[in-house]
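Reader: I would like to learn how to read a structure of this kind. Please show it, and then take the features in turn.

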Amino acid sequence: MKKVKIFFTAIAALLSVLAYGQNITVTGVVTDGSNGEPLPGAAILVKGTSDGVVADAFGNYSINVPANATLGFTTIGFKDQEINVNGRTVINVALESDTEMLEDVIVVAYGTVRREANTGSVTSLKGDALAEAPVTSVDKMLAGKMAGVKITSGSGQPGSTSTIRVRGTSSLNAGNEPLWVIDGIPVMAQDFRQLSNAGVGGGSSSTFLNPNDIESITVLKDAAAASVYGSRAANGVILVTTKSGKSGKAKFTARAKYGVQDLINDNNLRPLTGAELLEYRRVAAINAGYNPDDPTSDYYYPQSLLADGTTNWYKELTKQGSLQEYEVNATGGNDKSSYYSSLSYHKNEGVFYGIDFQRFTARVNADASLTKKLKTGARISVSYSDSNSGQMGDLYYSNPQYSMWSILPWTPMYNPDGSYNTDISENSGTNPRADASLNIYNDKEYRLQGNMYLEWKPIQSLSFKTTDGVEYLGEYSRQYWDPKVHKGTSAAFNYWSYDIRYTTSNTITFNDMFGNHSVRVLAGQEAMTDKFELLGGYSPNVDPAIPYPTTSTPEDDQVEYSFGDESMLSFFGVADYNFASKYFVQASVRTDGSSLFGSKKKWGTFWSVGGSWVVTNENFMKSTQNWLNQLKVRASYGVNGNNNISAYRAYGVYGSATVNGGIGFLPSTPDNPNLSWEKNKTWDAGLDFGFFDNRISGSIDVYSRITEDMLLSKQVPYTTGFGSNFMNIGSLSNKGLEFQLDGDVIRTNDFVWSLGGNIAFNRSKVLDLGGSEFLETSDSRAGGSNGGTPVRIVEGKSLYTFYLRDWYGVNPSTGAGLWWTEDDKLTSDRTKARYIYCGSPEPKATGGVNTSLSWKGFSLSAFLEFVYGNKVVYTNNYIDDGYDMTVNTTTAALNYWTKPGDTGVSPQPVADNPGAYYVGYSTRFLQNGSYCRIKDVTLSYTIPSTITDKIKMNGIKVYVSALNPYTFHGVTAMDPELGTYGYTMGAAHSMVKSFIGGVEVSF
Amino acid sequence: MKKTLAYIFGAIAILSATSCGKDFLERAPKLSLSNAIALADYEGCDKAVHGAYYYISSTGWWGADRVIENEMRSGNGVKSSAVNSNRCTQGYNWNYTDDNTNTAMWAYCYYTASAVNNVIDALDAIEASEQDKNNLKAECLFLRAFAHIENVLQFGQPYTYKKDSPGVPYVFHTESDAKPARNTVEEVYNFAIADLLEAEKIIDPTYVRKSSVDPCSVVNIYTIQALLSRIYLYMGEWQKSADYATKVIESGKYKMWTAEEYPDVWTADKGSGEVIFEVYGKRSNGTYGNWDDISWLTNPEGYGDPQVSDELLGLYEEGDIRLETYRDFEKAPGCHWTTKYAGKGDNAAPDCNNVVIIRLSELYLNRAEAAVHGAQTGSTAVKDINVITSNRGAAPYNSVGNVDIQTERRKELAWEGHYFYDLARWGKSLVRNGGNFALISTNQNVEFPSYKWALPIPKREMNLNENLVQNEGYTTTTE
């Protein structure tokens, strides 16, 4: 609105100047006071007339005015300035940015609102805060930055997913990831790759997004903010807005980054060296009554084992990774249309051999005014990613994250002829380096996200808008087992899958002001269809020369096929009202119909109400304006839903049953016409404040979120023909407190030191499990060689609770390990150890602290993230006290009992230890998982405009950055971040740190 | 212009709202069949009936446990101390609580009932000839009766002892929210008989399902009649039992195995000679138990826990060909195992085997037993018993009494899951003294009557269905 006014005034001014050019000519440059950058398009008006000009692309202007005129300088986002000419012919003006106005507007569901008018709980970040961090995906950048938004990685593998929890976990069987909405269209944010995300277990993936394309990210946390997304809003909504074009001459920005990566291992854990292991083994042998120097002994460990040299398998299986990223974007346009386009390439070579991730993205965002009242535009992005993985994640011998701890130091990596040694009995004859060089685990992903909108404003206060989007995701995965690695058998697996989704979103908005009454009413309709199909083939014994299905025997080939589709139809409305910018109320309602649910429960209605009071806009607060410039209280309540279940769960279906040498049908799933949404009932109360002209600002939120009708597999009497049915019966709650505080500690013209932080406390409680005493977590990593999960969900306790064998410690007089039994006695027999509930992997507090120092063109910023009060079970140290004499162990095993009186140590190692105190999921390996991670330290320098102007550049910036340079923690592990469930399962790719340098040039 | 745009936006709104009508939200699964589609035509119902045989072959039912557990409980089996995989102790020790009772049996009964009830309810609406529909219905009725009789044998007291005591719920229509109460033992028997009599009446006497590789694994008219003979016998309805035995015997469909054939018939791929109804063992079966298959369980080189009692072996005279269905094992001299499930050669190890559920010998034994209780059979007890002995290389009887028939029944049908229920209906206590019976602290001998002859109702069922009552003698800790 204001933009339009300025634009037209500027045009008018330009015309009038042409008509009346006389008097003296004043010239000058209009710049941004904060960084000296020119401000193209700034309007220069002669006070008291309609005369004026517009600054050019370099901020230069020239105007004929009376010598005593007063000039007004105006542009968006800056405070107006007036200057008396007083006969001067050169007037350079630095405009002060109007922070209030810049931050004024935030993106919310189906539109934007002034921050002041917002009644719900939202957190937003601008794109600038994201652009420098050297990570692959946007989700990773958000970690620790927003109160109540907890982002956890289960793996350090390039391109891996993140688990995102907005205000805790709300569901056991429906999903827990928030809804991602990009430019108004909900998109697919799960990982579809078959091979590259092992050992992580679900999560959100946003690797397809180029972080630099993002204008802003808003997270809608409570019901008032999110409810208009209805049945998909329960876990919060992440709204991503990509950059729009800026009118003016084409402006280019080029960026390049290069960096290196290493495994995080800040507590310096490593496998034992040859000498250490030999000593450990000799002690274990002697403790078991063997003579390690006797060649006929079962445990013959002479010093000569080390004679041929040893291999550090940790070092040999890892390397320094590298990161590179190149990007160029362009933006420009004229008064009718504008564009933003970008192209980027990212490559991350992993820290393990055979692992890498590459991505290309391209985007075009274009907007055009067709007539004064009709506007159209498109947001189109394409991306291609190519990831190579190993068998990361599971407990496979070829997984280096697993085998680097177990292969013996006196086992060589290479044969004398230079080929890979595969005579590694302790690792089942598998050399992980051979696997990495010969086997293939490759995923290729092709993604198109595109939408087009058409907006018509027949009158100023009324707008009709249709946004129509398509999203296509194609996936091709190929796995190949080379016979040289897999003991003479080869196999090829090929999978193709695609998912295609169409969305149409249509809204009518009425927005007007009548005196002190301001009203916005929005009504809308949306429809979505989605289809997924997968075809996979397993071809054993392919010819290594032609490792494709054509060379396998057709009768051995196996085909896998999967199909799913879903549809959704929605109607919704939002109404906002405010009186004199003091009192705000908002209500929203949405009705969703979904194919996922039962015939009797196809439709569900969700709603919210919220209100806020801007206390500082009251007349009686005028006197405090000088120190308290903003105070707002707000409260909301709403109900939203969670529809995150797989398709067809409501249908009673027959599956095939093989019996009597033929195939018949049998009931496989019971009919469930009442299957419906999980409902989240959330209330939220909050306070936003700003002191000293917003030099200190922040917010406090308190919330309660109750999940009802939680989907659980409920046991039913067998007389119904089934043992269980998927029903809406459970309930759990999340309650919490969130604080966010930002401030400028020092603010002078040259020097600014700002400090900010957030902290959130969430407490979960299981209220009702529909009659079950406890449930197992549905951890997708569980099963197979990985075994079961140590976390239970117990009624009355917090959501996740460890359930572990109860370790007492070491008998100080004998060095044997001891367990607690059911009847409070001590035993050295692990099979008699009792199980106890012992703490939760959920943190008591999470948050982050950021700070930045800027002086002239230099800026130093740092960000750290902390997690406090959670328990973790780390089992990948393999401290087995001599039980398995065939493998190596870690430095963590060296702290063992040596003499009577030793306490707080591991049992004394005994060869072939019959007691076998190693039980991974026991309290022996339960530790405090709190940590504080320095996520990012960046030093940047922007070359002053006095220099860049001379070389006709708009700006040059160089920076160096360290990501995850150090982590403070006390966990006996390489890294304490172990995912939402807080325990190791299998052996996922450990976390990485990066050091990076970059340059950004705009011209 | 304005008008045109208004039309365009109006049209978009209307189109997207209406084209997304009712059908828009209907997305049916494509890789499995929704109930309505699966049973919409004859082919679907036919496949659903084929599928209904599924659970019978499970190791939790006739695939293994129904045979082995009963043999272990009856004194025909002992828990091997020579070969031990920690299996089969529960049946041998009679240690049943509501927590470890035979829940699988209970579940499979109702899974089977649900599978056939769905078909029975769907048959009226499908297009097919009346006889085609009746044949399917007869199979369904048989399976429903069979499942419930099997269940009441486990969880109820013998009909001949207390027919008015609680049996099991007899489910005619499977409903997702139903919580049926237990019918009395008598009611269950009567419902089963009603189902079987109707099945006998409507089935085409020449009908045999073609979708099964082994014709003996599916229902025909003689299967129905043979089961009726068994049920009447268990009720003490001697005349009816004898009459139905006669129908099957005189059909000429089945032929006694000769002494020469006898040792080898058990591991054949398909049922032959005497077999009226059996489980077809196959590795491709969805229920295949792998290492828990009956062939591995009864193999001393496999798990081998169920060993044969000396008492049983002592019953056979020298030269009785039935002794050849017991094997020894060099690593455990003096110990014996049954070879009725030695493996048909579908796989090296573990293998699989058919399990006979009803065969012709049983019907001769039924009729002989009925005859000594006064039934008019057209034959005599001696004649019928000698049909057995003459084909087993055993000495013929000159006269028979009730005890002879009981002994001969035990010898002939040993390790086929009969003797435990025979003891129960005869009201005979379990006495396990001497021989190789391992001493156990409780339940070495079990009096009849005792609550122990009926298993406790599974705890989960008690907790989920408040209309069920627990059997006397057992406690249920409800939550």
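Author: Start with two definitions: two strands pair if DSSP finds at least two bridges between them, and helices (H or I, at least four residues) and strands (E, at least two) are DSSP runs, numbered from the N terminus. This is a predicted model, in which local features need pLDDT of at least 70 and side-chain atom pairs count only at pLDDT 80 or more, while totals for chains, interfaces and linings use all residues. Residues are numbered from 1 along each chain as its sequence is written, and chains are lettered from A and ligands numbered from 1 in the order in which they are written.

Reader: In which sense do strand 11 and strand 12 of chain A pair?

Author: Strands of a sheet pair through backbone hydrogen bonds, either parallel or antiparallel. Here strand 11 (residues 149-153) and strand 12 of chain A are antiparallel, with five bridges between them. Opposite Ser162(A) of strand 12 stands Ser153(A).

Reader: Which residues point each way from strand 12 of chain A?

Author: In a regular strand the side chains alternate between the two faces of the sheet. Ser162(A), Ile164(A) and Val166(A) point one way, Thr163(A) and Arg165(A) the other, and all are buried. A residue is buried if 20 or more other C-beta atoms, placed from the backbone, lie within 10 Å of its own; 12 or fewer makes it exposed, and in between it is partly exposed. Strand 12 (residues 162-166) of chain A is thus mostly covered, with five of its five residues buried.

Reader: What is the order of the open sheet of four strands in chain A?

Author: The order is 3-2-5-6, with antiparallel pairing. Strand 3 (52-54) and strand 6 (81-84) each have a single partner strand, so one side of each is left without a neighbour in the sheet. Within the sheet, strand 2 (residues 43-46) and strand 5 (residues 70-74) of chain A are joined by four bridges, and Ala43(A) is opposite Thr74(A).

Reader: Which strands form the sheet of three strands?

Author: The order is 31(A)-30(A)-1(B), an open sheet with antiparallel pairing. Strand 31 (662-669) of chain A and strand 1 (33-34) of chain B are the edge strands, each pairing on one side only. Two bridges link strand 30 (residues 653-659) of chain A to strand 1 of chain B; Val653(A) has Ser34(B) as its bridge partner.

Reader: At what angle do helix 4 and helix 17 of chain B cross?

Author: Two packed helices are described by the angle between their axes and the distance between the axes. Axes are lines fitted to C-alpha atoms, for helices over the stretch in contact, and angles run from 0 to 180 degrees between N-to-C directions. The axes of helix 4 (residues 65-74) and helix 17 (residues 419-426) of chain B cross at roughly 50 degrees and come within 7 Å. That makes helix 4 oblique to helix 17; angles under 35 degrees count as roughly parallel, over 145 as roughly antiparallel, 65 to 115 as roughly perpendicular and the rest as oblique. Asn70(B), Arg73(B) and Ser74(B) of helix 4 meet Tyr419(B), Phe420(B) and Leu423(B) of helix 17, a contact being two C-beta atoms, placed from the backbone, within 7 Å.

Reader: How many residues of helix 6 of chain B are buried?

Author: The count is 15 of the 21 residues, so helix 6 is largely enclosed by the rest of the structure.
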